[in-house]
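Colleague: I would like to learn how to read a model of this kind. Please take one feature at a time, with the general idea before the case.

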Amino acid sequence: MGKSVKFLIPLCLFGALVALLFFGLGTDPRKVPSPLVGKPAPEFTLPVLNDPARTVSQDDLKGKVSLVNVWASWCVSCRAEHEELMRLSRELGKVQILGLNWKDDAADAMRMLRLSGDPYLVSAYDPENTVGIHWGVYGAPETFLVDRDGIICYKKIGPVGPDTWETELAPTVDLTTKKCRESS
């Protein structure tokens, strides 16, 4: 191998690394594609946070548009989004909000809801991440939009903010049919 070829190999590798890093800088780390979008919500049955004798399952997602919000009392971002979830629970009559209390202590979670208000129709309790793992949850908060047929339309990573419903969530579901919109 000639001297110039030996010089070109590291140069090409360096160029490829720079191109990869440049591409990574242009992507939004919060926009992690979910393989669940467009598919039925994973099957689950969990106890209700404030009434462990009752359960909540994927069947509770059917018939209505649902926001499934993954939250925990120890999660700072979850506390930050809580006020917005309270507003959405008051204003979005066609949408039900279900909580998935994730990797949390039940007493701490119930104390948070008692002090800050409870935006959830019901909150499932998943302290060991037995269900969260099937939903692809790797951090809190995460919010899933599920249509009336139990199909996941959208996954939001990070807190729900004041414009999240209008700019991210509502455009992905037809509230008349309560079904996911066809992506174009």
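Colleague: By class, how many nonpolar, polar and charged residues does the lining of the largest cavity have?

Modeller: First the ground rules: this is a predicted model, where local features need pLDDT of at least 70, side-chain atom pairs count only at pLDDT 80 or more, and totals for chains, interfaces and linings use all residues. Residues are numbered from 1 along each chain as its sequence is written, and side-chain values use heavy atoms, with hydrogens and water left out. As to the classes, Ala, Val, Leu, Ile, Met, Phe, Trp, Tyr, Cys and Pro count as nonpolar, Asp, Glu, Lys and Arg as charged, and the others, Gly among them, as polar. A cavity is a set of points, on a 1 Å grid over the protein atoms alone, where a 1.4 Å probe fits but cannot get out, and lining residues have an atom within 4 Å of a point. In this case the lining has 9 nonpolar, 1 polar and no charged residues.

Colleague: Which residues line the largest cavity, and what is its volume?

Modeller: A volume is the space filled by probe spheres set on the grid points, which are joined across faces, edges and corners. The largest cavity has a volume of about 70 Å³, and the structure holds 1 cavity of 30 Å³ or more. Its lining consists of Phe44, Val56, Leu61, Val68, Leu98, Gly99, Leu100, Ala124, Val131 and Trp135. Strand β4 gives the most to this lining, with 3 residues.

Colleague: How many helices and strands does the protein chain have?

Modeller: Helices (H or I, at least four residues) and strands (E, at least two) are DSSP runs, numbered from the N terminus. Here the chain has 4 helices and 9 strands, in the order α-β-β-β-α-β-α-β-β-β-α-β-β from the N terminus on.

Colleague: What share of the residues is buried, and what share of the contacts comes from residues 24 or more positions apart?

Modeller: Buried means under 20% relative accessible area, exposed over 50%, and partly exposed in between (1.4 Å probe, protein chains only). Contact means heavy atoms within 4.5 Å. Buried residues make up 43% of the 184 residues in the chain. Of the contacts with a separation of 6 or more, 69% come from residues 24 or more positions apart.

Colleague: How far does helix α2 reach from its first C-alpha to its last, and where does it bend?

Modeller: The expected span of a helix is 1.5 Å times one less than its number of residues. Helix α2 (residues 76-91) has 16 residues and reaches 24 Å, close to the expected 22 Å. The bend at a residue is the angle between axes fitted to the seven residues ending there and the seven starting there. For α2 that angle is about 40° at His82.

Colleague: Which residues of α2 are buried, and what do they pack against?

Modeller: The buried residues are Cys78, Glu81, His82, Glu84, Leu85, Met86, Arg87 and Leu88. They pack against β3 (65-71), β4 (95-102), α3 (106-116), β6 (142-146) and α4 (164-169).

Colleague: Why does Val160 count as buried, and what does Val160 touch?

Modeller: Val160 counts as buried because its relative accessible area is 3%. Its place is in the loop between β7 (152-157) and α4. Not counting residues up to four places away in sequence, Val160 touches Glu81, Glu84, Leu85, Leu88 and Thr143. The C-alpha atoms of Val160 and Glu142 are 18 residues apart along the chain and separated by 8.4 Å.

Colleague: Is Pro40 buried or exposed?

Modeller: Pro40 is exposed, with a relative accessible area of 55%. Pro40 lies in the loop between α1 (3-25) and β1 (45-48). Leaving aside neighbours within four places in sequence, Pro40 is in contact with Gly150 and Ile151.

Colleague: What is the phi of Asn129, and which peptide bond is cis?

Modeller: Phi of Asn129 is near 65°, a positive value in a residue other than glycine. Asn129 is in the loop between β5 and β6 and counts as buried at 12% relative accessibility. The bond from Ala140 to Pro141 is cis, with omega near 0°; Pro141 is found in the loop between β5 (122-126) and β6. Lys178, not a glycine, has a positive phi of about 65°, and is partly exposed, with a relative accessible area of 26%.

Key: 1 Å grid on protein atoms, 1.4 Å probe; cavity = no way out; pocket = protein on both sides within 12 Å on 5 of 7 lines; lining within 4 Å.
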